[in-house]
Every structure is written in C-alpha cells, then in structure tokens.
Amino acid sequence: MNIEARLRGLRRRLTDTNEPAILVTANANLRYLTGFDGVIDDGINGACLVTAEHARFYTDHRYAEAARNAAAGTPWEVRIQKENLYIEICDELIAEGIDSLMLESSVPYGRFTFISEQFRGAVRVVDHYVEELRQIKERAEIERIAHATAIADEAFDHICGVMAPQMTEAEVALELEFFMRRRGSDGIAFDPIVASGPNGARPHAIPGQRELERGDLVVLDFGARVGGYRSDMTRTVAIGEISDDLKRLYDAVLAANEAGIAAVRAGMPCVEVDRAAREVLDQRGLGDRFTHGLGHGVGLDVHEMPTVGPRSTQSLREGAVVTVEPGVYVEGLAGVRIEDLVVVEQAGCRLLTSAPKELVSI
Ligand code: CO
C-alpha cells in the first residue's frame, strides 16, 4: 500500500482545484489515505486533515496505538483528541492562517454546521474527492480483491453442493457467510442476497423464510472481504428442471454479460459498456426488464466509482475494478442476474471471477 503516493495524489488535487485544506471523515477514505485498518466509529473519532504542509490523522485514545502503528514510516502525524475533535482541528487551522476548508459530502449536517461555526472561514462540501483517487487500484489492492473473489468463487461451488428443495433463503445466506468466514474472509462484503422464485424479481431482495422449490431460479449475490477489500459476484441457479421461458431469460442475461465484458477496456466510455450489454437484451425484447446499471467499481466499498450505467459520464480507466452485472426481472415469476468482477486493462480486461456461468441445475 503506497501511502505516500496516495497523499501526493490528494495534494495534487488540492493544488489543481486551488484549495488549501480538506478534512476527510468518510471511513473508507480514512482507511485508504492512512492505511489504518482499525475500527473507527463512523467518523466521530477519526478524521484526516490534509494541507500543503500537513497530513494529520486525528483520533481518540482508544485508537492511539493502532493509529501510531499505521502512521509509522509515513508522512502522517497522529493527533489524539483531548476534548472536542472538531474544535481542536479548527483551532489549528485558524492558527495556521488557513481560511478555506473542504468537507466531504457524507458529513452529517449537524457536524457541518458545528464546523462552519467553529472555523469561521469558508467551508465547502465536495463530492468524490478522495473516491476519485481510489478508482485506480494499486497491485496490492487488486491482489486483495482477487483473493476475496477467489473465496467467493469457492463459496459458490460449496453452496451448489448444499442447496436443496425445502432449504430456506435465509439458511442459504447463512451458509454462504459461514463458508466465506471459515475460508478467511474478514466478515462479508455485504449481506448476501438469496432470492428464489418470484423473489428474484426484486434486485435487492432480503433472504427470508421462503423455501426453495423445484422449478425455481435462485439469484445468489454475495462477496467476501480481505484486508478491507471486497468482492462482488452473482450467479443464478436452477432448482431441478426449469421452464423453457426461464431458460431463455438465463441465456439472454448470459449473452448480455459476455457482451458487457467484451466491451470493457481502458478509455471506453462507461455508457457504451452499459449499452453493449443492454443491446443484447433489447434485441430479445427484454430491454425494459433490465432496470439498473450494468456495473460499479468495487474496492474498500462494495459500490464505488466508476458507475457503469446508461447515464454515466466517465470513461473506464486502466486499473479500475468494476462489476459487469446485467439482470432481468419478471414480477411474480423470477429474476436472473449474472455478475463478474473484472480489472480494466489497456486492451481489454482481466476476469477475476472464475465460477462457472453455464446454468447450474441443483
Ligand atoms: Co454488484
């Protein structure tokens, strides 16, 4: 993890945008900038202040040792909170003659107001300032994501041997979680989605007490986490024999997934990658059943930049890690989604997900 390069990147942005200081409080951004991997209570007790001269990591006594360890050998100075973190930060800024401060858009309104009153200079809210830097992954970051992906691939293989009619969605979700954690996942990337039969028509269904039935399609969307980095994959499996209509849905989504992956390369506008997959579904009369974007970046957060969708304005950049996840959803009947994780390369992409994509029947 190259902490110095990350800090350099952030300072370059400050110079480019002519801003003297940013206060970073979003958890994943704190972790990215400092390399600190302890628990921080949602920004309340952790903050990073970066100016041209200073890089200060503020936290409280509970995290003092871990923060000092993380900062050792890096440009970060650790400051331990005495009374009120934000009063202390503002006092230092005022003493240093800094008259303008950027906060991240995720800052709670109460804290924004408090800092604005304390600081008295100009306070501005910015979006995606650090997230933009996180888009391009270092080799070590890609290794962690690939490791998390490999654990999830194994979990898919395992769950195919465990799933059976009468098992509930919730039991399948729990088994996925147990398996990944036993294999070294530090928690899970997000709560698994296990959506069977008609529940599959809701892209973000919560696993419940519905029992798997013969003739169902089951959407499994889950991921592992290694060293803070997440993976994200979706497979849709059949319980026993399924109808020809469901098979047609599956084939269409698989073709869209492959068309999307084939369109990925550095410099490609995200909107065109989305279109490549969407066209396949359009041609089969399923375009209006694909109700979300094709994909998103994955890293310290499960949804991060870039967004790959019909309204994206960005292009894919080399070293970004994105999902390709077309889906079709038929209310009252079923859903199909097939999601892979890829690393964007100069001339194409490297597929991280290796679980099979031909329809698995259980
Ligand atoms: Co996803």
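Reader: How are the donor residues of the cobalt ion spaced in sequence?
Author: In this predicted model, the spacing of the cobalt donor residues is D-x63-H-x28-E-x13-E.

Reader: Which protein atoms are the donors of the cobalt ion?
Author: They are Asp232 (OD), His296 (NE2), Glu325 (OE) and Glu339 (OE), at 2.1 to 2.3 Å from the ion. His296 belongs to strand β12 (residues 295-297) and Glu339 to the loop between β16 (334-337) and β17 (340-344), so this pair ties together parts that are 43 residues apart in sequence.

Reader: And are His296 and Glu339 buried or exposed?
Author: Both His296 and Glu339 are buried.

Reader: What angles occur among the four donor atoms?
Author: The angles run from 76 to 146°, and the site is irregular.

Reader: Let us turn to Leu294. Where is Leu294 found?
Author: Leu294 sits in the loop between α10 (270-283) and β12. Its relative accessibility is 0%, so Leu294 counts as buried.

Reader: Now helix α4. Which of its residues are buried?
Author: In α4 (residues 85-95), the buried residues are Leu85, Tyr86, Glu88, Ile89, Cys90 and Leu93. Among the elements covering them are β1 (21-24), β2 (46-51) and α5 (109-119).

Reader: What caps the N-terminal end of α4, and what follows the helix?
Author: Asn84 is the cap, with a side-chain oxygen 2.8 Å from the backbone nitrogen of Tyr86. Gly97 follows α4 and has a positive phi, near 75°.

Technical notes
Residues numbered from 1 in each chain as written. Predicted model: local features only at pLDDT ≥ 70, side-chain atom pairs only at ≥ 80, totals over all residues. Heavy atoms only, no water. Donors = N, O, S within 2.8 Å, 3.2 Å for Na, K, Ca; no water. Tetrahedral: all angles 85-135°; square planar, octahedral: opposite > 155°, others 65-115°. Helix = DSSP H or I, 4+ residues; strand = E, 2+ residues; numbered from the N terminus. Buried < 20%, exposed > 50% of the residue type's maximum accessible area, 1.4 Å probe, protein only. Contact = heavy atoms within 4.5 Å. Polar contact = N/O pair within 3.5 Å; in protein donor to acceptor, adjacent residues only side chain to side chain.
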